[in-house]
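Here are a few friendly notes to read alongside the model. Take them in any order you like.

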Amino acid sequence: MRAQSSATTAPSIAVAASAPERPGFGTLQAALGVVAFSLTFPATAWGLEGFGPWSLVAVRSVLAAVIAGGCLLALRVPLPARRHRPGLAVVGAGVVLGFPLLTTLALQTSTTAHAAVVVGLLPLTTALFSALRVGTRPSRTFWVAALAGAAAVLAFTVQQSGGALSTADLYLFAALLVCAAGYTEGGRLARVMPGWQVIGWALVLCLPLTVPVAALALAHEPVRLTAHSVTGLLWVAAGSQFVGLVVWYRGMAAIGIPKASQLQLAQPLLTLVWSVLLLGEHLTVAAPLTAAAVLVCIAVTQRSRG
């Protein structure tokens, strides 16, 4: 692969910018990304049954990078333009490394249901980062609905945790910040290059770090291969880390970062369903009430115009 020259980069950007996705199709792609992400915490819990936290995060990133790199090579995609590489580094630091590591560390002591509702604040965090980084200015109705949805998720979290913050909660709040930065930068880049290339190059860019970390972690952390641990690892690598992010970034490029981020208000509630079906966790009666409130907020944010 060779670097793109300025002559070849400009036309490709023009094509990407002149042929935007239809909003309805963009919403569908973003929603599919949310479904994929909603399985991440249950799959991580399965993976932790057989891998240490550092092994799981590093190996998932390496496997996802192998898939992404294979696609990039097969399609003979040129190296990204130099001006896009700092943004790809932010995506890698936030989405490939930071969020998976912090949430995996949190899930060692937290249930997937609790982690899911804390991370439910991600849409609002992403919208705030978008306003600062990209200069988006959503309407007042949008912000009222977004804040209402975040408040519903936060109230659910406090009710579930008894009002006390744990070390796991601190990991999760830090994960919100780094992931929102990665989502925002990835959504911005997906406007000028295909979304799958955004996450693909971010994964490949992290290989010099993830490969040695994976080797060290596997040598020092016990590994027990089971059906659950292998399935969980494969899902977080292929489903969450690559395929889910591909459709997610394409969706953000089509409908805008703030509106796409609000679809993630449904993610914690989907994760609660998976936690019951796959992990046998028990939910309180507050879950359906939160679900109703969140779905109303999603409807309002998707109809509002910034």
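Which residues have the most contacts inside the largest nonpolar core?

1. Some ground rules come before the reply. This is a predicted model, in which local features need pLDDT of at least 70 and side-chain atom pairs count only at pLDDT 80 or more, while totals for chains, interfaces and linings use all residues. Residues are numbered from 1 along each chain as its sequence is written, and side-chain values use heavy atoms, with hydrogens and water left out.

2. The residues in question are Tyr183, Val198, Ile199, Leu203, Leu245, Trp248 and Tyr249, in a core of 69 residues. A nonpolar core is a set of buried Ala, Val, Leu, Ile, Met, Phe, Trp, Tyr and Cys residues joined through side-chain atoms within 4.5 Å; buried means under 20% relative accessible area, exposed over 50%, and partly exposed in between (1.4 Å probe, protein chains only). A second, separate core has seven residues, including Leu56 and Leu233.

3. Gln197 sits in helix α10, residues 195-205 (helices are DSSP runs of H or I, at least four residues, numbered from the N terminus). Gln197 counts as buried because its relative accessibility is 14%. Leaving aside residues up to four places away in sequence, Gln197 touches Leu72 and Val77, where contact means heavy atoms within 4.5 Å.

4. Ala293 belongs to helix α15, residues 286-303, and is partly exposed, with a relative accessible area of 32%. The C-alpha atoms of Ala293 and Ala152 are 6.9 Å apart, although 141 residues separate the two along the chain.

5. After α4 comes Arg76, which has a positive phi near 55 degrees.

Notes
Helix = DSSP H or I, 4+ residues; strand = E, 2+ residues; numbered from the N terminus.
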